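Q: I am new to this structure and would like to learn how to read it. Could we go through some features one at a time?

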Amino acid sequence: MILRRLLQRLVPAPSQNDARNQNRIDTTAHLHRAIEAHSTGNLAAAESLLRELLDLDPQNATGHGLLAVILTTSGRYPEARERYEAALAIEPRQPELRFNYATVLRQLGQDNAAEREYDRLISERADWAPTYVNYGSFALERTQLRKAIELLEQAVSLDGGLGDARVNLARAYTQAGRLGEALRECESALETRPGYEPALKNLSAVQHQIGDAEGARANLAARIATNPTDGARIARALALPSVLDSAEHIEQIRHRLLTELSELLQQKLHVDDP
């Protein structure tokens with residue numbers, strides 16, 4: 001989503017009628033071909049096209065930014081950092097570039113530098129919710145609980161439909177012992193994104209912590225029933241240690257859910273018992 005916003009903001013549509021600036025036509029065409037290669041997963045071709053583009057136009061911020069995305073995907077974080085820094089030297093007020101740059105700094109373990117970038121983002125674009133989501137999650141990782149809650153609450157106030165914000169806020173509330181608020185955030189996340197697995201997992205965990213173990217298990221069973229063919233979700237749900245109490249209990253719950261699942265599948269697929 002962040003990449004798409006960046007491209008929409010910075011990439012002009014290719015035009016064959018602009019005879020006044022042939023170099024811009026060439027670099028724009030390169031950029032669009034690179035974007036197409038990236039979208040189809042051909043990262044090597046995209047990288048090659050972007051390097052050619054930057055040879056033609058070293059001041060192309062989007063070229064540097066998209067190359068940084070590809071380098072990040074490949075785990076080449078030091079090179080990605082250099083490309084983001086080049087892009088930001090050209091376009092210092094592009095929030096999407098700075099947002100991704102902060103993420104790379106976190107991957108490199110440069111936590112203080114990442115924090116400065118998030119602070120700058122907020123000072124320049126205080127109404128942009130994704131910054132608060134990532135900064136809040138970052139603070140939660142660093143056990144800065146009060147700061148995480150403040151940031152994530154601001155993210156939710158700016159955009160209540162962000163499932164990640166609500167789930168991470170629920171995690172922060174849980175760590176702070178505010179279980180009722182955690183439960184509310186999980187339920188709100190599921191209202192906007194039904195079946196959202198991180199919210200399901202957190203909801204069951206919170207229910208278990210407040211003593212509603214049966215509610216936790218019923219929630220899992222109900223969610224599985226809405227999508228009985230999703231084997232990966234079922235497997236993860238059945239393995240949730242925060243919901244299942246002991247090895248013997250795990251087997252009991254597994255057997256019960258699989259029995260219910262079998263019945264649901266037969267209803268869905270119209271398969272009669274032999």
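Q: Does Thr-143 count as buried or exposed, and at what relative accessibility?
A: Thr-143 counts as exposed, because its relative accessibility is 66% and the cut-off for exposed is over 50%. This is a predicted model, and the value is computed from it.

Q: Where does Thr-143 lie?
A: Thr-143 is in the loop that runs between H8 and helix H9 (145–158).

Q: What is the phi of Thr-143?
A: The general idea comes before the case. Most residues other than glycine have a negative phi. In Thr-143, phi is near 55 degrees, which is a positive value in a residue other than glycine.

Q: Is Phe-138 buried or exposed?
A: Phe-138 has a relative accessible area of 3%, so it is buried; the cut-off for buried is under 20%. Its place is in helix H8 (residues 129–141).

Q: Which residues does Phe-138 touch, leaving out those up to four places away in sequence?
A: Phe-138 touches Arg-106, Asp-111, Ala-114, Glu-115 and Tyr-118. As for Ala-148, 10 residues from Phe-138 along the chain, the C-alpha atoms of the two are separated by 7.7 Å.

Q: How do helix H3 (residues 43–56) and helix H4 (residues 61–73) pack, and at what angle?
A: Two packed helices are described by the angle between their axes and the distance between the axes. For H3 and H4 the angle is about 150 degrees and the axes are 10 Å apart. An angle over 145 degrees counts as roughly antiparallel, and H3 and H4 are therefore roughly antiparallel to each other. H3 passes H4 in a left-handed crossing.

Q: Which residues make the contact of H3 and H4?
A: On the H3 side they are Leu-43, Ala-46, Glu-47, Leu-50, Arg-51, Leu-53 and Leu-54, and on the H4 side Gly-63, His-64, Leu-66, Leu-67, Ile-70, Leu-71 and Thr-73. By class, the contact of H3 with H4 has 9 nonpolar, 3 polar and 2 charged residues.

Q: How do the axes of H10 and helix H11 (residues 179–192) cross?
A: The axes of H10 and H11 come within 8 Å and cross at roughly 165 degrees. H10 and H11 are therefore roughly antiparallel to each other, and their crossing is left-handed. The contact includes Arg-166, Ala-170 and Tyr-173 of H10, and Ala-182, Glu-185 and Ala-189 of H11. The residues of the contact of H10 with H11 divide into 8 nonpolar, 3 polar and 4 charged.

Q: At what angle do helix H10 (residues 163–175) and helix H12 (residues 197–209) cross?
A: Their axes cross at roughly 20 degrees and come within 10 Å. The cut-off for roughly parallel is under 35 degrees, so H10 and H12 are roughly parallel to each other. H10 passes H12 in a left-handed crossing. Val-167, Arg-171 and Thr-174 in H10 meet Pro-198, Ala-199, Asn-202, Val-206 and Gln-209 in H12. By class, this contact of H10 with H12 has 4 nonpolar, 3 polar and 1 charged residues.

Q: Where in the chain is confidence lowest, and where is it highest?
A: Confidence is lowest in helix H14 (residues 231–238), at a mean of 45, and highest in helix H5 (residues 77–90), at 97. The mean pLDDT of the chain is 78, and 67% of its residues reach 70 or more. Over residues 12–20 pLDDT stays under 50, and the model has 10 contacts beyond four places in sequence for them. Over residues 229–247 pLDDT also stays under 50, with 31 such contacts in the model.

Notes. Residues numbered from 1 in each chain as written. Predicted model: local features only at pLDDT ≥ 70, side-chain atom pairs only at ≥ 80, totals over all residues. Heavy atoms only, no water. Axes fitted to C-alpha atoms, helices over the stretch in contact; angles between N-to-C directions. Helix = DSSP H or I, 4+ residues; strand = E, 2+ residues; numbered from the N terminus. Parallel < 35°, antiparallel > 145°, perpendicular 65-115°, else oblique. Left-handed = near helix turned anticlockwise from the far one by under 90°. Contact = heavy atoms within 4.5 Å. Nonpolar A, V, L, I, M, F, W, Y, C, P; charged D, E, K, R; others polar. pLDDT = per-residue confidence, 0-100. Buried < 20%, exposed > 50% of the residue type's maximum accessible area, 1.4 Å probe, protein only.
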